[in-house]
Amino acid sequence: MDRILITACLITVLLQRIRSFNINVQSPVTFQNPDASFGQSVLQFRSDSGPCVVISAPLEKDSSTEAGKLYKCTYSGSNCVNLSIPGSGDGLPRSFFGLSLAANMENLIGCGTVPQQCSSFTYNRGICYTLDNGFRSIPNGKIPEKQPDCSKGTDIVFLIDGSGSVGSGDFERMKIFVKEMVKRFTSNDIMFALAQYSSGFEVHFDFNKYAASRNVEELMRNIRQERQLTHTPTAIRKVTREVFTSGMGSRQNANRILVVITDGETYGDNLPLSEVAAEADRSKIIRYAIGVGSAFSRDSAQQELRTIASKPSDQHVFRVENFNALDNIQNSLQDKIFAIEGLSSQSESSFQFEMAQTGFSAAFSQDSLLLGAVGAYDWSGGFYEYRQGTETAFVNISSSDTGRSGAADMRDSYLGYSVAIIQQSNRFSYVAGAPRYQHKGMVAIFSTAVSTTIRIYGEQIGSYFGAEVCSVDLNGDKNTDLLLIGAPMYQGPTTGGMVQVHLFLGSVRELKKLQGLPGQMFGQFGSSIAELGDINGDKIHDVAIGAPLEDNQQGRVYIFHGERSGIKSTYSQWIEGKRMSSGLMYFGRALSGGMDLSQDGLPDIAVGAQGKAFILRSQPILGVTTRITFIPPQIPLIDFDCSVLESYNKFKLSASVCFEATKVTADNLDPFSVKLNYSILLDPLRQNRRAVFDTNKNSKTRTMKVEVQNPLCENFDIKLLDCVKDTLAPIELKLEYSLISEALPSTNGLSPVLRNDVPTHYTAELPFMRNCGEDKVCKDELKVSFNFSELSFLTVGVNSIINLTISVQNDGEDSYESLVNFFYPSGLSYRKVTLLSPEKRMFINCDATVGSEEDVMRNSTCRINHPIFKAGSRAVFLATFDVSAEAPWGQKLNMSANVTSDNQDQQSPESVYSAALPIKFGVNVLIKGIEEESVRYVNFSDKTQEQKKLVRHVYQVENLGRRSLEAIATFLIPVRLGTAPVWRVTELTQEKPQNVQCKETEETTGSGRITETTNQQPTLDCTVATCKKIQCYFQPLQNNTMLQFVVEGELVYGWIPETKQKKLSLLSSATISYSSSMYSHIFPQSERFLKTSVVTSVEVYEEYNYLPIVIGSSVGGLVLLAVITAVLYKVGFFKRQYKEKLTEENQMSQESNMAAPPTEGST
């Protein structure tokens, strides 16, 4: 029961440690606001008045037109203070302010969006305000200083080449191209004008005419080709100076676009084209050059097109082979114009910074500020870099590839969704997440020292890889060691969300993936990540990861401890939102850490949720050192008495259990004490007790109050059992303890916890002294011998067991853990051991090593008086083994034994012994005559000499045992008496052919005389007659086999008269034999099973002549019949009166029948 209670306590402590380590969840500081967006962002900040938490409520109304508030909240304050944020100053309403927050040591920046209505479009631009430590606006702290004005529309001029080199048909195609392009733009904000040039210049319709008519067909109906020289520079200057004017209807602040269509180089015009292009650039005219025909295959002609067009020229120059091909560039030109106008198109970017939402994310260092512009360039994204003393720079992917920010593969990537700053040896790199890049996500690292970009790609579609990034300085040396990347929509086999940990040492290498609890497939683990500082006192910084949708959207926060090589793979604690507040939602959607908010010297965590925010304090961590000492330190050698059980009167000792609690984390708390609950258990893994406490129990439970930094001890009396059989293994005292969680005074519910890797169990050992002399080294002299208990040989199949008599003695000093090891064939198996020299202190315990059937050898081990086989002791015992009749035995049973111990001396020759015992195999074989199938009787007449009788003797051989054997069956058959043949047997037949070989050997000669006996019939056998000897060899005789042998031949008469006997017996015999050195019959009286015979009774009878007797008898019978007949005749037997007398008697009988009266019914 004691063990069960201790185990249950341990399990409870372990589960509690996993769920809560040193972040206090019992006493959180809670801030709340009726607005659900409160807690969207949280940021720890050191203000002039002390550390605080800035909490945003981006959707809370600040006025009738503006939304978004910031609150300053302190650990000690009961209410949060609304921070005063100035207006935009542009007449534009501020919304979603506080969507992102960032700070350095001196300043705080908060960002939101500014909806700007331009014509029929609403642009979401960004706005950020920088505040100092007193939450005052700083000069130039508004970003941007002024929002860009709305575009006033787009004015487009088509300048077409009407020189003589253009054919009339091509000129008409050029006009059609212009008409079709104008028709493609239906917005009223786009105005058109058309001019033709050759040597002269003519405006066919200006912006005013187009605005009045908007019928391009009518406006271009009467245009005629001029057919002169090609004065391109002059025409472009006239467009710049004369067409893009208010008099021609061009609008101020409108986008200006000039599309030049020509079929060749300038001819006859001395005005430098480069000067004209520079003047157009100053007038902010975007120019597109369309070169038609083969003239532009020359380098000079191509250079002229590039000079006409705006930069980058490869984005503003079109070349076609002929005027028929103009239709092919309509879509491309339209898309480019659309992009300038800010409208939607199918294949090219429509927006630049109109939807940038600058400040969607923010990162602040002492020298740099990064503001994510996630919507820039059709949500390709990017970020702004603000550095002291340098111009503001917009950074995105591959701007050099396209000539305009935003590469094609970055469309809808959301670069800048998250940003971070990495510092390495005073060099900075910028990190930006693009969670929708190629649907899998990507993180880009931009180096400020060299113009390189490192990309880290997501693995799974839809994972939102890069939605959150966090740089971590593990050891506080101001150099970034790790980059953590969140993928909150990642779907694993059993978990949802993932954070990749990358080691940052100039290059980037992935270390591992972090995940939350299994079963939370849609918990969005990794939505928020924060570095916490060192919260567990190991001098390495830790991190927190939010999963706001776990636990049915109530949310969780996971704590991961840092290690020197990175972040530990397993979280040390998870914090559930439902424990913070009933009905709470989205706990963990924002995190901030690393600052001591409660002024106790320990880092705290700020956590945002829906409508609430929390400060969670880290608790002081203690290390506990345990020490157990015994007095005396060893159990002296005493004479243990096992005649009295459960007695504890001989020896007593004491144990001192000491605890020392030390601080692992540095704090500012007053000195304090903690309570430890501990249990001690003597010999916890033994069923038979050797020692108990003074209460006669082997366990105790105590509670001790220990002052931190001051060790405290408690003493316990221990009694030793008078009968201790095991004095080799030390007595163990196992200590298990736990820290009782109690709030410290004046700490608002803060309670210390044990370091999570500190061992909460400790085992001390109390050894027994050893009788090893002055040198303290035990030198035993072990000897072993055995015999087979007077057994001369082993009969397998007869002997079911074999007993070994073993003698072991120790002629040296005490021997510890003495073992006798036996090695024997697999046909033996250990059964039991019996002590033959019983002593009060002698114990023998044996067991066998479990082996497989394929093992040739087995072994058994006997422990001799464990643990100590004392000096001068001797043990004699009987080891009994079962003998298997089925095993593959050899000719000898070879066994060996050795005796070993834990003493360090090497084995001596007398510690090893071996012996062998001859082996025989028990067999059960027999041979018998089958009388029922043999001829048992024949007879002969004494009158005929040439008589023959067929005589048959049947024998049967059986092997009823379990083992096959090689055997010989010998048959002796009388064949002659003297020289006279007796039994003409030609061969021995076998009814069931087997692996048997039979052959005749030498004949045996008898005495030739039949001995007459008084009571028995004379016998003709091999002692009298000459016998044929036939031997049959079984190779082998299989077990469970029965074979029949038949001796058959003609028995002749000629020899019988020589015997002068009328009756005698004919006897054949058979024996079966085998090697007596290899086999032994299982029955002691085996002779009667191994020899047999079959007897046929032979009789001679006299033969008589019966013909005279038959004739005489026949004649005598006839004479007698004649005499009888004569006598009857004489007496008248044959006369007539007798016949008449019979007739008369018949008549008288008839008359009497007629005189009788008639009966009733007669007629």
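**Ground rules**

I worked with a predicted model, where local features need pLDDT of at least 70 and side-chain atom pairs count only at pLDDT 80 or more, while totals for chains, interfaces and linings use all residues. Residues are numbered from 1 along each chain as its sequence is written, and side-chain values use heavy atoms, with hydrogens and water left out.

**Entry: a sheet**

I looked up an open sheet of 5 strands and wrote down its order, β40-β42-β38-β37-β44, with mixed pairing. For my own reference, strands (E, at least two residues) and helices (H or I, at least four residues) are DSSP runs numbered from the N terminus, and two strands pair if DSSP finds at least two bridges between them. Which strands stand at the edges? They are β40 (691–693) and β44 (753–754); each has a single partner strand, so one side of each is left without a neighbour in the sheet. I then followed β40 to β42 (residues 712–720): the two run antiparallel and are joined by 3 bridges. In this pairing Ala691 sits opposite Leu720 of β42. A reminder to myself: strands of a sheet pair through backbone hydrogen bonds, either parallel or antiparallel.

**Entry: disulfides**

I noted 6 disulfides in the structure (a disulfide is a pair of cysteine sulfur atoms within 2.5 Å). I also jotted down that a disulfide is a covalent bond between the sulfur atoms of two cysteines.

I began with Cys658 and Cys713, whose sulfur atoms are 2.0 Å apart. Cys658 is in strand β38 (residues 651–663) and Cys713 in β42, so the pair ties together parts that are 55 residues apart in sequence. The torsion about their S-S bond is about 110°, so I logged the disulfide as right-handed. Cys658 is buried at 4% relative accessibility, whereas Cys713 is partly exposed at 39%. My cut-offs: buried is under 20% relative accessible area, exposed is over 50%, and partly exposed is in between (1.4 Å probe, protein chains only).

Next came Cys846 and Cys862, joined with an S to S distance of 1.9 Å. Cys846 lies in strand β52 (residues 844–848) and Cys862 in strand β53 (residues 857–864), 16 residues apart. This link is right-handed too, with 110° about the S-S bond. Both of these cysteines are buried.

Then I checked Cys998 and Cys1032, also 1.9 Å from S to S. The torsion is about 115°, so this disulfide is right-handed. Cys998 belongs to strand β64 (residues 996–1000) and Cys1032 to strand β66 (residues 1026–1037), so the pair ties together parts 34 residues apart in sequence. Cys998 is partly exposed at 37%, but Cys1032 is buried at 0%.

Cys52 is in no disulfide, and the nearest cysteine sulfur, that of Cys73, is 8.2 Å away. Cys52 is buried, at 1% relative accessible area.

**Entry: helix α6**

Which residues of α6 (residues 273–282) are buried? I listed Leu273, Val276, Ala277, Glu279 and Ala280. The buried residues of α6 pack against α5 (232–243), β14 (285–292) and α7 (contact means heavy atoms within 4.5 Å). Just after the helix, Lys284 has a positive phi of about 60°.

Most residues other than glycine have a negative phi, and most peptide bonds are trans. Gln357 has a phi near 50° and lies in the loop between α8 (330–341) and β16 (358–364). Gln357 is buried at 18% relative accessible area. Gln599 has a phi near 60° and is in the loop between β34 (590–595) and β35 (604–608).

I also found a cis peptide bond from Ile143 to Pro144, with omega about -10°. Pro144 is in the loop between β9 (137–143) and β10 (154–161). Another cis bond runs from Lys311 to Pro312, omega near -5°, and Pro312 is in the loop between α7 (299–308) and β15 (317–320).
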